[in-house]
Structure formats: C-alpha cells, structure tokens
Amino acid sequence: MKYLEIAVTSRVDGIVTHVSYDRDFAALIDRADNGGIPVVTIENDAPKSRRKAFVGSNSFMLGEEAGKIMVKSHRRQSRHSGDHGHELQKDAANQNLKLNGFLNAIKAYPDMQVTDIYNSKFGILSAEEITQSILNSGKKIDAIYCMDSVDTIGTSQVVVDLNRVGDVKIVGYGDTPDILRYIDKGIIYGTVMSDPYKMGYESIKALIEIMEKDTTSTFIDTGVKIITKENLDTYRKSMEKLQQ
C-alpha cells in the first residue's frame, strides 16, 4: 500500500503490482487510473478496480493440475485424500476455483475421497495446527493438498515431525528453497505454481501495448508450472539460467 501510494503520487508512467485483499488497494488503483497511470496486476487480481490487465494463472487450472499430481502419486496406493488450503478471507473466490479444479481432476477416481477441507489463517503455525489436527483425527488420511506456499511448508514440517513421511503424500504450491528441498527428499510429492518470469515479462509487455496502442488483453494467462522429483533438476537448472 505504501509503495503503491508513492508510485501514484510520483506520477510514474505505469504500475505493475501484486494485489493484497485490502479494499483500499482497489481504491488506490482507481486513483492511479484517474491520474492517467495504467495499472497491471500480477498473480492476484483486483477485478473490481480499474486495472487495465491481469497477468497470471487460471486458478481452476492450478487446482486441476494439482489434482492430476495427486492422482499420479496414488497410482499404487489406497486413495483416501485429505485436503486443506490457506485462505485470506477476501480471497475466497480464488481459493474456491483452485479447490473446484482439484475436485474436478479426481472425480473420475471414486476411491479418492476428500474427507476434510480447512481454511487456515495466514502463517505457518496455523498450517501446522491444522495438519496436526488432520493427522491425529483417527481418520485414514494419506494425502494433503495445500493451496499456498506457506501452508505447504507448515504441513511438510508436521509430516516430518510426526514421522509420517511416505505415509502422507503432500501436493502443494510454490518453489521456495524449502519446498524444493522437501520435494528432493520425498517429503512433498509435487507442487504447482504460476510462472513468475513470464508474469514479469508479460506485465511489462502489456504496459507497453497500453502506452503505444491504448489497449491490451484484460487477462493474460501465463500457464501453470509443475514441479515433482522427476523434473526437479531440470527446473533448478532453468531457474539458474534465468538468474544469470
């Protein structure tokens, strides 16, 4: 909020921003638009604001790809699945799309049952508490799907602490160093995520189109990245090249 306010006041040529779920954020975007400053949102959108474009992944597809990974992780195992997701209260629609995509991917497998759905408050401790509750419930839970990188890390830590690695498959979100390390060690089966490099590239491209043509696509889909142990080394090498 602070830096967006500075950008608007400074009358910059254009703004690319990740969106929080504070209502004042949309008001600031509208203020920028009123001042002739085009705004492009990335990863999280502000559809009720006057932003010019949103660059990011389709949430339904993120969930659907996560569901496909979960199916793959249970090919030769019993297929009872637990599910929980991090949710900022004002991001319910986005999280619901991920959940619906996930459920759509596993609906052809009747022996994969979603037994519980939880919404965690922001923070690793909340994710850890929920995971402990899930795994100590007495239910036969052999998989957990997390829709946020924070929850993915918190859930993984509890699975390690309870010595349930291998018994509980985790499908999550993100590519933080901890998450990649957990994938390498077999603690996390796989994750999905947006493409941050492509989001950055396409957002600047959109701003240039707005400035040169006064128009751009309102939604630019950057696709879904899938990370499992099978492609982990390739993924790391591709990230290293981008950072050089």
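**Surface patch, sheet, cores and salt bridges**

In this predicted model, Val16, Ile204 and Ile208 make up a nonpolar patch on the surface, and their accessible area together is about 230 Å². Ile204 belongs to helix α8, which spans residues 196–213. The relative accessibility of Ile204 is 45%, so this residue counts as partly exposed, since the partly exposed class lies between the 20% limit for buried and the 50% limit for exposed. Val16 comes from strand β1 (residues 15–18), where Val16 and His18 are on the uncovered face, whereas Ile15 and Thr17 are on the covered one.

Strand β1 is part of an open sheet of 4 strands, arranged in the order β1-β2-β3-β9 with parallel pairing. Strands β1 and β9 (219–221) are at the edges and have a single partner strand each, so one side of each lacks a neighbour in the sheet. Between neighbouring strands of this sheet, the average turn is 20°, direction ignored. In general, the strands of a sheet are paired through backbone hydrogen bonds, in either a parallel or an antiparallel manner. Here, β1 is joined to strand β2 (residues 39–42) in the parallel sense over 4 bridges. Within this pairing, Ile15 is found opposite Val39 of β2, and His18 has Ile42 of β2 as its bridge partner.

The loop that leads from β2 to β3 (53–56) contains Lys48. Lys48 counts as exposed because its relative accessibility is 84%. Although Lys48 and Arg23 are separated by 25 residues in sequence, their C-alpha atoms are 9.8 Å apart in space.

The interior was examined next. Nonpolar side chains in soluble globular proteins tend to be buried together. The largest nonpolar core of this model has 36 residues, of which Met70, Leu135, Ile144, Tyr145, Ile183 and Ile227 touch the most other members. Helix α3 (residues 59–73) supplies the largest share of this core, with 5 residues. There is also a second, separate core of 12 residues, and among its members are Leu4, Ala7, Ile29 and Ala32.

Charged side chains were considered last. Side chains of opposite charge can pair when their charged atoms come close. Over the whole structure, 11 salt bridges are found. One of them joins the side chains of Asp116 and Lys139, with an N to O distance of 3.0 Å. Asp116 is in strand β5 (residues 113–120) and Lys139 is in the loop between α5 (124–135) and β6 (143–145), so this pair ties together parts that lie 23 residues apart in sequence. Asp116 has a relative accessible area of 16% and is therefore buried, while Lys139, at 44% relative accessibility, counts as partly exposed.

A salt bridge also connects the side chains of Asp195 and Lys225, at 3.9 Å from N to O. This pair links distant parts of the chain, 30 residues apart: Asp195 is in the loop between β8 (190–193) and α8, and Lys225 is in strand β10 (residues 225–228). Asp195 is buried, because its relative accessible area is 16%.

In a further salt bridge, the side chains of Asp167 and Arg164 meet at 3.8 Å, N to O. Asp167 counts as partly exposed at 44% relative accessibility, and Arg164 counts as partly exposed at 22%. Finally, a network of salt bridges links Asp33, Arg50 and Lys52.

Key: Residues numbered from 1 in each chain as written. Predicted model: local features only at pLDDT ≥ 70, side-chain atom pairs only at ≥ 80, totals over all residues. Heavy atoms only, no water. Patch = residues over 30% accessible without salt bridge, like charges linked within 9 Å, V, L, I, M, F, W, Y side chains within 5 Å. Areas by Shrake-Rupley, 256 points an atom, 1.4 Å probe, with all protein chains shown as cover. Salt bridge = Lys/Arg side-chain N within 4 Å of Asp/Glu carboxyl O. Helix = DSSP H or I, 4+ residues; strand = E, 2+ residues; numbered from the N terminus. Buried < 20%, exposed > 50% of the residue type's maximum accessible area, 1.4 Å probe, protein only. Pairing = 2+ DSSP bridges. Core = buried A, V, L, I, M, F, W, Y, C linked by side-chain atoms within 4.5 Å. Axes fitted to C-alpha atoms, helices over the stretch in contact; angles between N-to-C directions.
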